[in-house]
Amino acid sequence: MATKQELKGDWNQVAGSVKEKFGQFTDDELREAEGNSQKLIGLIQEKTGRGREQIEAFVHDLYERCGAQCNHLTGAASQYAQSAGDAVQRGYQQTSDAIARRPTESVLAALAVGLIGGVMLGISIAEARRPEPNWRNGWRG
């Protein structure tokens, strides 16, 4: 599995090549298309007005030049997404098991968290409504 630094380095190489060839892209624009070749093609087409076939050929050649480094972008992103999904699923299962083992304590804990959150929200709303002290209402008690 590729590390995040490797993925970022590959994208930086792709983005650098795009900026070198066309020179009119900001880092923010390229960051929007990061890792998505179709978005990158659309962005280049929109900014340059060139034909889609020409841009697709450029992007294809760019990824070919990157070789195996760039080709693992999609696979690595998929692996990251899969591992994140697995972690969420494990957490959900652990929570469900804990609730099934101790339903009363779980309900009381949820109630306590909700009550504390509600009190904190109420206090913050009340603070927002309290007028700023000034010379007119400063003497009123």
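Reply: Start with a pair of charged side chains. Arg-52 forms a salt bridge with Glu-56, and their closest N and O atoms are 3.2 Å apart. This is a predicted model, in which local features need pLDDT of at least 70 and side-chain atom pairs count only at pLDDT 80 or more, while totals for chains, interfaces and linings use all residues. Residues are numbered from 1 along each chain as its sequence is written, and side-chain values use heavy atoms, with hydrogens and water left out.

Me: Why is the pair Arg-52 and Glu-56 called a salt bridge?

Reply: The term asks for a side-chain nitrogen of Lys or Arg within 4 Å of a carboxyl oxygen of Asp or Glu. Arg-52 and Glu-56 have their closest N and O atoms 3.2 Å apart, so the pair qualifies. In general, side chains of opposite charge can pair when their charged atoms come close. The structure holds one salt bridge.

Me: Where do Arg-52 and Glu-56 lie?

Reply: Both are in helix 4 (residues 52-66). They sit four residues apart, about one turn of the helix. A helix here is a DSSP run of H or I with at least four residues, a strand is a run of E with at least two, and both are numbered from the N terminus.

Me: What makes Arg-52 partly exposed?

Reply: Its relative accessible area is 28%. Buried means under 20%, exposed means over 50%, and partly exposed is in between (1.4 Å probe, protein chains only). Arg-52 at 28% therefore falls in between. Glu-56, at 32%, is partly exposed too.

Me: How many helices and strands does the protein chain have?

Reply: The protein chain has six helices and zero strands. From the N terminus on, the order is α-α-α-α-α-α.

Me: Why does Ser-17 count as buried?

Reply: Ser-17 has 18% relative accessibility, so it falls under the 20% limit. Ser-17 lies in helix 1. Setting aside residues up to four places away in sequence, Ser-17 touches Phe-58 and Leu-62. Touching is contact, meaning heavy atoms within 4.5 Å.

Me: Which label does Gly-16 get, buried or partly exposed?

Reply: Gly-16 has a relative accessible area of 34%, so it is partly exposed. Gly-16 is also in helix 1. Its C-alpha atom is 9.5 Å from that of Asp-27, 11 residues apart along the chain.

Me: What makes a set of residues a nonpolar core?

Reply: The members are buried Ala, Val, Leu, Ile, Met, Phe, Trp, Tyr and Cys residues, joined through side-chain atoms within 4.5 Å. The largest nonpolar core has 17 residues; Val-18, Phe-25, Leu-30, Leu-40, Ile-44, Phe-58 and Val-59 touch the most other members. Helix 1 (4-22), helix 3 (37-48) and helix 4 each supply at least two residues of this core. Beyond its neighbours within four places in sequence, Phe-25 has contacts that include Val-18, Leu-30 and Ile-44.

Me: Why is Leu-108 called exposed?

Reply: Its relative accessible area is 53%, so Leu-108 passes the 50% limit. Leu-108 lies in helix 6 (residues 103-129).

Me: Which element has the lowest mean pLDDT, and which the highest?

Reply: pLDDT is the predictor's confidence in each residue, from 0 to 100. Helix 1 has the lowest mean among the elements (67), and helix 6 the highest (92). The mean for the protein chain is 78, and 80% of its residues reach 70 or more. Over residues 1-7, pLDDT stays under 50.

Me: Where is Asn-36?

Reply: Asn-36 lies in the loop between helix 2 (27-32) and helix 3. Its relative accessible area is 31%, so Asn-36 is partly exposed.
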